[in-house]
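Trainee: Hi! Could you walk me through this one?
Mentor: Happy to, have a look first.

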Amino acid sequence: MELTSDAFIGGYTPAPAPAAQPVEEDARIAWRRKNQEVLRAKDEAEATAKKEAQEKAAAKLKSLAEVQCLTPPYPARQKTLEDRQAKNRAAQKVSPDAGVPSSGSCWEKVHSLITGQKGPHSKDVTKLKETLEALKADKK
């Protein structure tokens, strides 16, 4: 029996493999990876911005609560009320009837009291003044 160079019988040597070419990654897969990284970065930035906004809002609410007296002790409102009450009491002690004229009819006294009210807490009493003036004219 003679050896032959037949590959099926024996002595088979495979042909040399071609040089390995780099396998290119599919463009869609590369885009997905890149997009996931971008989205992850955006999510992190959004989370930090949201946290900062919440902290700012909490600080703003706290400062508003102090200024506008939204907390139960109401310190600023209480102070304002006490100051106003003290001014009113001091004004009453000085002269309780300072604005009331000593002479004239009852309507004239009331009219002088109403027309003399000017200040930050006075109300619009135009209609009342007109009514009192009409009553005053009727008395004469």
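Mentor: Here is a short chat about the helices, the confidence and the salt bridges.

Trainee: What should I know before I start reading?
Mentor: This is a predicted model, where local features need pLDDT of at least 70, side-chain atom pairs count only at pLDDT 80 or more, and totals for chains, interfaces and linings use all residues. Residues are numbered from 1 along each chain as its sequence is written, and side-chain values use heavy atoms, with hydrogens and water left out.

Trainee: How many helices and strands are there in the protein?
Mentor: The protein has four helices and zero strands. Helices (H or I, at least four residues) and strands (E, at least two) are DSSP runs, numbered from the N terminus.

Trainee: And which helix has the highest mean pLDDT?
Mentor: H1 does, at 92, while helix H3 (residues 106-115) has the lowest mean among the elements, 70. pLDDT is the predictor's confidence in each residue, from 0 to 100. Over the protein the average is 77, and 69% of the residues score at least 70. Where pLDDT is low, the predicted coordinates should not be read in detail.

Trainee: Where does UniProt place the coiled-coil region?
Mentor: The unreviewed UniProt entry puts that feature at residues 35-62. UniProt positions are given in the numbering used here, feature names are shortened, and annotations may be inferred rather than shown by experiment. In the model, residues 35-62 are 100% helix, and their end C-alpha atoms lie 40 Å apart.

Trainee: New topic: how many salt bridges does the count come to?
Mentor: The count is three, a salt bridge being a side-chain nitrogen of Lys or Arg within 4 Å of a carboxyl oxygen of Asp or Glu. Side chains of opposite charge can pair when their charged atoms come close.

Trainee: Which residue does Asp26 form a salt bridge with?
Mentor: Its partner is Arg28, with the closest N and O atoms 2.8 Å apart. Asp26 lies in the segment before helix H1 (27-67). Another of the salt bridges joins Arg33 and Glu25 (2.1 Å, N to O).

Trainee: Is Arg28 buried or exposed?
Mentor: Arg28 counts as exposed, at 59% relative accessibility, whereas Asp26 is partly exposed at 32%. Buried means under 20% relative accessible area, exposed over 50%, partly exposed in between (1.4 Å probe, protein chains only). Of the 140 residues of the protein, 4% are buried.

Trainee: Where do Asp83 and Lys79 lie?
Mentor: Both are in helix H2 (residues 75-94), four residues apart, about one turn of the helix. Lys79 is exposed at 51%, and Asp83 is partly exposed at 39%.
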